[in-house]
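Good morning, colleagues. Please bring the sequence and the structure up on the screen, and I shall guide you through several features in turn.

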Amino acid sequence: MSGAALGLEIVFVFFLALFLLHRYGDFKKQHRLVIIATLLAWYLCFLIVFILPLDVSTTIYNRCKVAVNSSPAESNGSYVTLAPSKQKCFKPWSYIPNGIMPIFWRVVYWTSQFLTWILLPFMQSYARSGGFSITGKIKTALIENAIYYGTYLLIFGAFLIYVAVNPNFNLQWNQLQTIGIAAANTWGLFLLVLLLGYGLVEIPRSHWNRAKRGYLLMKTYFKAAKLMTEKADAEENLEDIMEEVRKVSESIKYNHPLRKCVDTILKKCPTEYQERMGRNMDDYEDFDETQNSYPSEKSLVKLHKQVIYSVQRHRRTQVQWQILLEQAFYLEDVAKNETSATRQFIHTFQSQEQESKIIQYLYTPTVEWYWECLLRPWFYRVLAVVLATFSVIVVWSECTFFSTKPVLSLFAVFIQLAEKTYNYIYIEMACFLTIFFLSICVYSTVFRIRVFNYYYLASHHQTDAYSLLFSGMLFCRLTPPLCLNFLGLTHMDATISHKDNQPTAYTSIMGSMRVLSFIADGFYIYYPMLVVILCIATYFSLGTRCLNLLGFQQFMGDSEMTSDLIDEGKELIRREKRKRQRQEEGENRRREWKERYGNRDDSTRNRVVHTDQKESSFSETNTNRTLSKYTRSNGRTERDRIELLQDAEPLDFNAESISDDPLESDLGRYQPGGRYLSMSRSQMFDDV
């Protein structure tokens, strides 16, 4: 089994990263280099989290062998036996041979650092550039990253000067490497504690709130009001940008040198705008080089960048609006079905996705009712309690992991107890659950945060290339200090435990932090204690209250603005619900009409054609008169049927003019604003 566990986890983590990237990215529309770079960054970070428990168990076994070699012992197959006490050192099932892990960690770590500090920032600027050529995009990316790279060189130079001035150190390559690692880990640890303090409180609280249906429904109404504002703003912005594109397309003729740039911009526009702004090929007027009214290439680059951003934002808001509607309809259905006497879950609208027969057979309406209305809230409550317990253990361990006598960190206590009995499965499970929970708290915060429209991870393939690359940068910068913090919590790091034990392979590639004692003995130990303050601030929603005071509307139950947005969102959801109901009613009427009158019209049409053929032997005048009569009759019947079948949806929906109670309308036909014009009484029976 040597190396088999490592190989299985490498394959599993790859498909996990691929699945998550497919959920957020768009493989069809986004550039392949963006997808590959993001996938590699996510894959390496997830791989570190999953492989580190194997490194811990292998290190404990190696320590056991060192202890055995220092005392009389005898070897027996797959384990080593101490002669005096007859204690056994079993080889773990996931044991990785010596020499593999150091090389593995070195490749993974330095590849991730190359991605986060050099390649991904460059690709961000390249992907967001509006240039029309590869050379132009590279030039723009280099200019934008000049300040970025200069800042890091300045920080590294400060550390370098500190070590050079200190007479106790001799500058060597290993020490320079350690300085670079320390600088990167210090930046990552600073951000790690901020994200960890938020996630330790917000994740258990969010699962607890998911058990409260009323809270979720009110928050969904609040999101609907905010999203509608963003959606309207995105549509208005897109209209303005498309108007500028139209003017540019009309001013730059077919034989202008910049016409290729305009065609590139038009290809990025939505299809309906491309058809509306079709290239005028009839105008063969040559452009006048002396005129100054033509836009420059620099302005076209800027316009190209604006088009890419506005189209992506418009598409994202449209998709998010449909997803939010489905979520609101689902929560309203749950609220209605909770009081159902039949205990069968009834949906207001049928699912648009076809479910498999196995799911339909197992997940019956009765099973769905028990799960959605009875079991699911309790499941989230129990899960929230378990997660809250983990959060308390993490906070306690972060504040006490520097204490070695006595050992106060609970994670270190668990690992040391298992190390005495060499229960490797327990060691690996305890390590995996610990680092997995820490990763969930940090990574979920990365997926949740939104910096205006600058950085935003949107599911359902709506994340732009810039945000995907930025998330890869964050993961690569957060994962190494996260793993070092985990090793400190479990006292597997010699810097924390102050023991002369064999270090893990991951710690060995980091070098000795003693080169920078004020970081090793100060910042790395005492800065994580700030997680307590951040957890308290998150529990009392201090950040949310500050954003609300600054004018960024946040969901707060005691705010008047929140109540107004909830009412607005509720009205929006109600309008969309009535609109979808009318659409379904129109489709049902069209289907019934086709089933009831479709065959009759076909037989009537065939009879008319047969009569025309039979009377073809009459005179030309009578024939023409007869044909015109039947043609008018047949055309009139066909015209009436087409008029009745098409446009069953309201042609001009004005929800403000409709009463809130749908029963007030006549048989579901909304007369004032949402009226079915093709189904009105004055037109339906005119020709009967």
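Helix H10, residues 297-337, contributes four residues to the lining of the largest cavity, and that is the largest share. Please bear in mind that we are looking at a predicted model.

How many cavities of 30 Å³ or more does a search of the whole structure find? The answer is two.

I turn now to the backbone. Arg343 is not a glycine, yet its phi is positive, at about 55°. Its relative accessibility is 41%, and therefore Arg343 counts as partly exposed.

A second residue of interest is His460, located in the loop between strand E5 (455-456) and helix H15 (465-489). Here, too, phi is positive in a residue other than glycine, with a value near 60°. His460 counts as partly exposed because its relative accessibility is 35%.

In the loop between helix H12 (365-400) and helix H13 (410-421) lies Pro406. The peptide bond that joins Lys405 to Pro406 is cis, its omega being near 0°.

Finally, the surface. Val451, Phe452, Tyr454, Leu547, Leu550 and Phe552 together make a nonpolar patch of about 600 Å². Of these, Val451 belongs to strand E4, residues 450-451. With a relative accessibility of 36%, Val451 counts as partly exposed.

How values were computed: Residues numbered from 1 in each chain as written. Predicted model: local features only at pLDDT ≥ 70, side-chain atom pairs only at ≥ 80, totals over all residues. Heavy atoms only, no water. Patch = residues over 30% accessible without salt bridge, like charges linked within 9 Å, V, L, I, M, F, W, Y side chains within 5 Å. Areas by Shrake-Rupley, 256 points an atom, 1.4 Å probe, with all protein chains shown as cover. Salt bridge = Lys/Arg side-chain N within 4 Å of Asp/Glu carboxyl O. Helix = DSSP H or I, 4+ residues; strand = E, 2+ residues; numbered from the N terminus. Buried < 20%, exposed > 50% of the residue type's maximum accessible area, 1.4 Å probe, protein only. 1 Å grid on protein atoms, 1.4 Å probe; cavity = no way out; pocket = protein on both sides within 12 Å on 5 of 7 lines; lining within 4 Å. Points joined across faces, edges and corners; volume = space filled by probe spheres on them.
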